Amino acid sequence: MEKTSEQTETKKQPAKKEEVVIAIKGLKKAFDGKHVLNDINLELKRGENLVILGRSGTGKSVTIECIVGLIKQDKGSLKVFGDEVIDMNDKKLKELRMKIGFLFQSGALYDSMTVRENLEFPLTRILKMKDQQEIDKRVEDALDSVGLLDSVEKMPSDLSGGMRKRAGLARTLVINPEIMLYDEPTTGLDPITSKEISELILSIQKKNKTSSIIITHDMECARITADRILVMEDGEYIAEGSFDELHKSKNKTVCAYFNDIL
Ligand SMILES: Nc1ncnc2c1ncn2[C@@H]1O[C@H](COP(=O)(O)OP(=O)(O)OP(=O)(O)O)[C@@H](O)[C@H]1O
Ligand SMILES: [Mg+2]
């Protein structure tokens, strides 16, 4: 893999060992004999925003579905908080999913429930919370953090696309996840709303010290949110670096993402 990070660090003192929250080694997955993930190697460090860029159909969503145990890999190791996900029983998987917020590509809300009920759902069904005052506080705090407190009693159909994305984000945030997985959080939104969502992702990282993987085709989102970027092609990562480092890359695939960016 091309590594564009410049070796500018001085050796004054040994670097503090960063905690790895997700560690993936040699991950492979095929569907009906067609290889999707060929050799995925990834480390997500605590507190980091890691952006994954890759063409449609390269297996980005499959990778994060493996992380939450919705899809099982054929080969390789995938550990979250040090535990191998494929070895987890249902109880362990449930516990894991309480620590991971997963903003699905479709971002679906339950259409028959108000925004408040949508947010209460993970609290009462997953966390089994009973104290209504505590539930109200968690719901309102989460909506406040995405600027949607005014819409608490609305139905999803009364929200704009951007508001629905924010409500979906609030529903994910309400369980205070340690890890956030964002699958194309800005797709289908206008540039201004996309920027707002990207800034929200950044503020969630800063405020909650969340570790996040952000899958996106939106280079403005990558620029705003990424501490580090991985570029995926043919089921593996072909380049890694910060936004500015990759911007200078000579690799054809990497350049294609940065073509329109000055
Ligand atoms: N459950 C499944 N069963 C069979 N094939 C699947 C399954 N999930 C994904 N695939 C296939 O794996 C490939 C990668 O899909 P994936 O959804 O990960 O792509 P992606 O990189 O997220 O693309 P996009 O940018 O369009 O969201 C596709 O060819 C898809 O058809
Ligand atoms: Mg996808």
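**Entry 1: ligand 1**

I started with the shell around ligand 1, where helix H1 (residues 60–67) gives the most, with 3 residues. I note that this is a predicted model. I then looked up which residues come nearest to ligand 1: of the 11 residues around it, they are Phe31, Ser56, Lys60, Ser61 and Val62. I sorted the shell by class and got 3 nonpolar, 7 polar and 1 charged residues.

**Entry 2: strands**

Next I followed strand S2 (residues 20–31) to its partner. S2 runs antiparallel to strand S5 (residues 75–80), and 5 bridges join them.

I then went on from S5 to strand S6 (residues 83–84). These two also pair in the antiparallel sense, over 2 bridges. Here I found Val80 bridged to Asp83 in S6. S5 and S6 form a hairpin, and 2 residues lie between them. I checked the turn and noted a positive phi of about 50° at Phe81.

I turned to the helices. Two packed helices are described by the angle between their axes and the distance between the axes, so I looked up both for each pair.

Helix H3 (residues 115–126) packs on helix H4 (residues 132–145) at an angle of about 120°, and their axes are 10 Å apart. Angles from 65 to 115 degrees would count as roughly perpendicular and those over 145 as roughly antiparallel; H3 and H4 are therefore oblique to each other. I recorded their crossing as right-handed. From H3 the contact takes Arg116, Leu119, Glu120, Leu123 and Thr124, and from H4 it takes Ile135, Arg138, Val139, Ala142 and Leu143. By class I listed 6 nonpolar, 1 polar and 3 charged residues in this contact.

**Entry 3: H3 against H5**

The angle is about 30° and the axes are 8 Å apart. An angle under 35 degrees counts as roughly parallel, so I put H3 and H5 down as roughly parallel to each other. This crossing is right-handed. H3 contributes Val115, Asn118, Leu119 and Pro122 to the contact, while H5 contributes Ala167, Ala170 and Arg171. These residues divide into 5 nonpolar, 1 polar and 1 charged.

Going back over both lists, I see that Leu119 of H3 is in the contact with H4 and also in the contact with H5.

Notes
Residues are numbered from 1 along each chain as its sequence is written. Chains are lettered from A and ligands numbered from 1 in the order in which they are written. This is a predicted model: local features need pLDDT of at least 70, side-chain atom pairs count only at pLDDT 80 or more; totals for chains, interfaces and linings use all residues. A residue is near a molecule or strand if its C-beta atom, placed from the backbone, lies within 6 Å of it. Helices (H or I, at least four residues) and strands (E, at least two) are DSSP runs, numbered from the N terminus. Ala, Val, Leu, Ile, Met, Phe, Trp, Tyr, Cys and Pro count as nonpolar, Asp, Glu, Lys and Arg as charged, and the others, Gly among them, as polar. Axes are lines fitted to C-alpha atoms, for helices over the stretch in contact, and angles run from 0 to 180 degrees between N-to-C directions. A crossing is left-handed if the near helix is turned anticlockwise from the far one by less than a right angle, and right-handed if clockwise. Two residues are in contact if their C-beta atoms, placed from the backbone, lie within 7 Å. Two strands pair if DSSP finds at least two bridges between them.
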